[in-house]
Amino acid sequence: MLQEIKEVFGKDYQEEVRFLEFKNSMRQYVKLKNESESIDDKMERLRATGYLSNCHIKVGDFE
Amino acid sequence: MKAETYNYLCANALDRAIEDVLQSIPLSVQKHYNLTLNNLDKKKQRILEEYDIQRQSIREKFFDVGENGEKLIDIHKVSACFTSAVLKVRVFEYSETEPMDLSVFYSNYTLAFLTGIHILYLCMLSDYERNGEDKLAALLKKQATFVFPKTNRGHDEYLQGRVKTLALNDIYAIDFDVLTYADMLYWIEKYNKDELQKLMSADSITK
């Protein structure tokens with residue numbers, strides 16, 4: 001028990017906690033970019049032409 | 001997502017994927033394991049709900065949503081979110097008896113994988129039409145499928161490998177990784193674009 005308490009105040013553990021907090025603070029800066037067209041617009045284009053998919057994908061056998 | 005968009009995706013992606021799964025399992029096997037599609041409309045509604053939850057979460061966490069929240073997620077993430085939603089809902093039902101037929105056990109994982117692929121197909125076709133790439137659009141419609149790369153000797157075929165991966169992650173309760181899955185879908189789409197481009201070039205040479 002004393003060993004576990006000692007570990008919490010140990011340098012490595014404190015360093016881990018500090019880095020975890022630092023990573024969390026970086027969340028707001030790490031963001032993916034996307035400027036592409038919406039799926040609504042993509043599907044509207046196909047719907048407007050009356051397109052109905054005849055796409056089929058052969059699954060094959062599982063071994 | 002607008003209701004019309006989801007209805008269109010259901011009719012042209014999810015329903016196509018359901019047909020593909022049923023086509024791959026002999027009728028006698030379907031009957032033996034009582035493979036059924038009960039309450040499909042309700043399940044489609046649940047898929048949309050699960051999709052929305054997933055989409056909202058990844059949009060808020062991972063994306064720059066713009067000053068007024070106007071920016072969206074890309075279609076690979078959309079397809080990945082749908083794959084995740086279909087996995088959660090378990091569209092196909094069957095008798096869980098032993099010995100189990102693997103194609104039946106994999107049915108929902110296959111459905112999840114193929115739903116994402118069918119969405120990619122529709123988006124690729126729409127993009128060709130938007131960009132005025134009529135020859136490529138016509139070729140894709142004529143092909144009416146998506147292709148997958150050959151795998152190395154001794155490995156599962158690509159599609160089977162992807163389905164097994166989804167199954168393994170589910171069996172071992174590993175969280176679905178939308179970002180990495182979306183990246184895989186990007187490469188599948190690129191592979192198909194490159195193959196179509198080669199077909200078109202070959203077509204031009206022979207004419």
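User: Which residues does B:Lys77 touch, not counting residues up to four places away in sequence?

Analyst: In this predicted model, B:Lys77 touches A:Leu32 of chain A, along with B:Ile58, B:Phe63, B:Val178, B:Leu179 and B:Ala182 of chain B. You can find B:Lys77 in helix H4 of chain B, which covers residues 75-89.

User: How do I read accessibility here: is B:Lys77 buried or exposed?

Analyst: A residue is called buried when its relative accessible area is under 20%. B:Lys77 has 11% relative accessibility, so it counts as buried. Now try B:Ala138, in helix H7 (residues 134-143) of chain B. Its relative accessible area is 46%, so B:Ala138 is partly exposed.

User: What about A:Ser36, and where is it found?

Analyst: A:Ser36 is in the loop between helix H2 (11-26) and helix H3 (39-48) of chain A. It is partly exposed, at 36% relative accessibility. Its side chain also makes a polar contact with the side chain of A:Asn34, at 2.6 Å.

User: Which residues touch the most other members of the largest nonpolar core?

Analyst: First, the general idea: in soluble globular proteins, nonpolar side chains tend to be buried together. Here the largest nonpolar core has 73 residues, and those touching the most other members are B:Ile47, B:Leu111, B:Phe113, B:Ile117 and B:Ile188. Among the elements giving two or more residues to this core are H3 of chain A and helix H6 (107-130) of chain B. H6(B) provides the largest share, 14 residues.

User: What is B:Leu111 in contact with, leaving aside its neighbours within four places in sequence?

Analyst: Its contacts are B:Leu14, B:Ala17, B:Ile18, B:Val21, B:Val86, B:Val91 and B:Phe92.

Terms used
Residues are numbered from 1 along each chain as its sequence is written. Chains are lettered from A and ligands numbered from 1 in the order in which they are written. This is a predicted model: local features need pLDDT of at least 70, side-chain atom pairs count only at pLDDT 80 or more; totals for chains, interfaces and linings use all residues. Side-chain values use heavy atoms; hydrogens and water are left out. Helices (H or I, at least four residues) and strands (E, at least two) are DSSP runs, numbered from the N terminus. Buried means under 20% relative accessible area, exposed over 50%, partly exposed in between (1.4 Å probe, protein chains only). Contact means heavy atoms within 4.5 Å. A polar contact is a pair of N or O atoms within 3.5 Å; within protein, one must be able to donate a hydrogen and the other to accept it, and residues adjacent in sequence count only if both atoms are side-chain atoms. A nonpolar core is a set of buried Ala, Val, Leu, Ile, Met, Phe, Trp, Tyr and Cys residues joined through side-chain atoms within 4.5 Å.
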